Amino acid sequence: MHRLAHHAFRILLVVLGAVVLATGLGLLLPRHHVARTRVVLQHPVEQVWAVIDDLPSQPDWRSDLQGVERVADPAGREIWLQHTDRGDWAIELTTREAPRLLVTTTADSSEGFGGTWTYEVAAVDSGTALTITEHGFIDSPLYRFLARFVFGLHGTQEVYLRDLADHLDEDARLERLD
């Protein structure tokens with residue numbers, strides 16, 4: 001029994017050491033980040049725009065989204081509550097310039113992270129280029145480390161773009177720009 005307790009104590013020290021090291025490295029990372037990912041689709045701009053602008057239908061094709069609902073806002077802002085596997089996430093639709101630009105902003109950054117997602121839709125020779133740019137921030141040094149080196153800053157964008165391509169019956173050839 002004594003040996004088992006000693007072994008468990010060693011494991012605990014290693015885990016705590018890893019957390020302290022990750023937090024220390026996270027302190028060296030900037031609070032703000034930019035991540036950009038692009039996909040080129042064969043569908044025309046209007047069809048791609050119709051899919052990304054239809055927020056209520058996104059749970060039908062997004063693998064990371066269980067539901068979405070419009071939230072009443074006294075100021076009249078367009079706020080959507082997204083129900084994800086990581087919890088609920090309120091976003092505000094801050095810019096809509098059909099069919100080329102859509103910007104969403106984190107409506108509640110009290111959890112210590114947030115920012116904007118800018119969707120740029122442009123016609124290209126082979127169809128439509130959709131670029132998502134995240135201008136984000138993460139307060140916690142530990143989460144900054146995890147986002148940068150474990151989960152990846154482009155991860156959510158890549159899931160979104162792959163799901164969109166699948167929904168349109170296309171192959172997703174993603175390109176990380178930043």
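## Terms and model

A nonpolar core is here a set of buried Ala, Val, Leu, Ile, Met, Phe, Trp, Tyr and Cys residues joined through side-chain atoms within 4.5 Å. Buried means under 20% relative accessible area, exposed over 50%, and partly exposed in between, with a 1.4 Å probe and protein chains only.

The model is predicted: local features need pLDDT of at least 70, side-chain atom pairs count only at pLDDT 80 or more, and totals for chains, interfaces and linings use all residues. Residues are numbered from 1 along each chain as its sequence is written, and side-chain values use heavy atoms, with hydrogens and water left out.

## Overall fold

The secondary structure consists of 4 helices and 8 strands, taken as DSSP runs numbered from the N terminus (helices H or I, at least four residues; strands E, at least two). From the N terminus on, the order of elements is α-β-α-β-β-β-β-β-β-α-α-β. The C-alpha trace spans about 65 × 40 × 30 Å along its principal axes.

Of the 178 residues, 38% count as buried. Contact means heavy atoms within 4.5 Å; among contacts with a separation of 6 or more, 53% join residues 24 or more positions apart.

## Nonpolar core

The largest nonpolar core has 24 residues, of which Leu41, Ile52, Tyr119, Leu130, Tyr160 and Leu164 touch the most other members. At least two residues of this core come from each of strand E1 (32–41), helix H2 (45–53), strand E4 (87–97), strand E6 (113–124), strand E7 (127–138) and helix H4 (155–167). H2 provides the largest share, 5 residues.

Leu164 touches Leu41, Val51, Ile52, Trp61 and Leu130, leaving out residues up to four places away in sequence.

## Cavity and pocket

On a 1 Å grid over the protein atoms alone, a cavity is a set of points where a 1.4 Å probe fits but cannot get out, and a pocket is an open set with protein on both sides within 12 Å along at least five of seven lines; lining residues have an atom within 4 Å of a point. Grid points are joined across faces, edges and corners, and a volume is the space filled by probe spheres set on the points. The count is 1 cavity of 30 Å³ or more, and the largest cavity holds about 40 Å³. Its lining is formed by Leu29, Pro30, Arg31, His33, Ile138, Arg144, Arg148 and Leu153.

The largest pocket holds about 1300 Å³. Among its 43 lining residues, Arg86, Trp89, Phe113, Glu134 and Thr156 are the closest to its centre. E6 gives the most to this lining, with 6 residues.

Gln157 lies in helix H4 and is buried, with a relative accessible area of 0%. Beyond residues up to four places away in sequence, Gln157 touches Ala35, Arg36, Thr37, Trp117, Ile132, Thr133 and Glu134.

Arg176 lies in strand E8 (residues 174–176) and is exposed, with a relative accessible area of 52%. Leaving aside neighbours within four places in sequence, Arg176 is in contact with Arg36, Thr37, His154 and Glu158. Arg176 and Ile132 are 44 residues apart in sequence, and their C-alpha atoms are 9.8 Å apart in space.
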